[in-house]
Amino acid sequence: MTDKPRQTDAPTESEYREQILHLMRNGDLDKALAVAELGLTHRRYNERLWQAKLNLLRKLRRFEEAFALAKDTGKLTTKAQATPYFQKLAFDTYMDAGDVDGARERLDLLAGLDPGKGPQYMACLVRLAAETGDVASTLDELRLRFDDIAEKGGLSLLVAELFEAAGQGDVAVALLRQAVAHDPSEQVLVGLARLLRRLEDEPAIADLLDDHPEAVDGSSSLMAIRLSAYEAMEEADAGLTVAEKAVVDHPASAPLHRLYWALLDASKGRESVKTV
């Protein structure tokens, strides 16, 4: 008589998620989706695995399948549907499919799950307004939430874009200045500097980046914006001093090298005028 092979327990939810994240980091989205689907055969009621599956379908641009999953609430567990993150994914899936009415329903569900209307709700609200043109009422609500929005760098950039598109660039600048005061990350500094450049406020760019020298020195993107401001303000000599250090610190940055030569040419041109 032979012993039957002992069946091992299925991996835990955290083990499935670790496998999925590892595969996603390596760019193997198809295998990550297969792991999520396998996990759901063992852990049917796990909301995070449902979230992973929907997220992966969207990343793989399998939009029809993602849309079918988001709509098929009978397949999903109540627990999965009750998470704000899943409802945000569902909202984005409806928007991807062009079903604005369905997206509005998901936004309403999200508002009910998240009475404080946190960053997930706000991000959905901004996308809905931007893509439907229904901006006026949205801007009023967003203006009341500036303190909360400014604490979320990525969200503040989305909201600032909406205000800028509505012709309220000054409001967008005020929001991003508040976001920088909260967390002067490269992402937000670049966003604010580029906004100021679109508004043709070069002196404000110079002041902003002069106030954050460490961030500028460590970022070729910020340094390029800074040098462009020098060029626009026709301050070639001052810009050239900064550019000489920039091309040493960031030798692989083609934009910095281009700006260096532009400032050098402008500086030499000015010297030739002086000697005439």
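Author: Start with a loop. Glu234 sits between helix H16 (220-232) and helix H17 (236-249). Keep in mind that this is a predicted model.

Reader: What makes Glu234 count as exposed?

Author: Its relative accessibility is 60%. Exposed means over 50%. Glu234 is therefore exposed.

Reader: What is the phi of Glu234?

Author: About 55°, a positive value, although Glu234 is not a glycine.

Reader: Where is Glu200 found, and what is its phi?

Author: Glu200 lies in the loop between H13 and helix H14 (202-210). Its phi is positive, near 60°, and it is not a glycine.

Reader: How do you know whether Glu200 is buried or exposed?

Author: Compare its value with the cut-offs. Buried means under 20%, exposed over 50%. Glu200 has 69% relative accessibility, so it counts as exposed.

Reader: Why are H12 and H13 called roughly antiparallel?

Author: The axes of helix H12 (residues 169-182) and helix H13 (residues 186-198) cross at roughly 155°. Angles over 145 degrees count as roughly antiparallel, so the label applies to H12 and H13. Their axes come within 10 Å, and the crossing is left-handed.

Reader: Which residues meet there, and of what classes?

Author: Gly169, Ala172, Val173, Leu176, Arg177, Ala179 and Val180 in H12 meet Val188, Leu189, Gly191, Leu192, Leu195 and Leu196 in H13. By class, this contact of H12 with H13 has 10 nonpolar, 2 polar and 1 charged residues.

Reader: What makes H1 and H2 roughly antiparallel?

Author: Helix H1 (residues 13-25) packs against helix H2 (residues 29-42) at about 170°. The cut-off is over 145 degrees, so H1 and H2 are roughly antiparallel. Their axes are 8 Å apart. H1 residues in the contact include Tyr16 and Leu23, and H2 residues include Val35 and His42. The residues of the contact divide into 9 nonpolar, 3 polar and 1 charged.

Reader: How do you know that H3 is mostly covered?

Author: Count the buried residues. In H3, 11 of 13 residues are buried. Among them are Trp50, Leu54 and Arg58. Buried means under 20% relative accessible area, so the label describes accessibility.

Reader: How does the span of H3 compare with the expected one?

Author: Helix H3 (residues 47-59) reaches 18 Å from first C-alpha to last, close to the 18 Å expected. Arg61 follows H3, with a positive phi near 60°.

Conventions: Residues are numbered from 1 along each chain as its sequence is written. This is a predicted model: local features need pLDDT of at least 70, side-chain atom pairs count only at pLDDT 80 or more; totals for chains, interfaces and linings use all residues. Side-chain values use heavy atoms; hydrogens and water are left out. Axes are lines fitted to C-alpha atoms, for helices over the stretch in contact, and angles run from 0 to 180 degrees between N-to-C directions. Helices (H or I, at least four residues) and strands (E, at least two) are DSSP runs, numbered from the N terminus. Angles under 35 degrees count as roughly parallel, over 145 as roughly antiparallel, 65 to 115 as roughly perpendicular and the rest as oblique. Contact means heavy atoms within 4.5 Å. Ala, Val, Leu, Ile, Met, Phe, Trp, Tyr, Cys and Pro count as nonpolar, Asp, Glu, Lys and Arg as charged, and the others, Gly among them, as polar. A crossing is left-handed if the near helix is turned anticlockwise from the far one by less than a right angle, and right-handed if clockwise. Buried means under 20% relative accessible area, exposed over 50%, partly exposed in between (1.4 Å probe, protein chains only). The expected span of a helix is 1.5 Å times one less than its number of residues.
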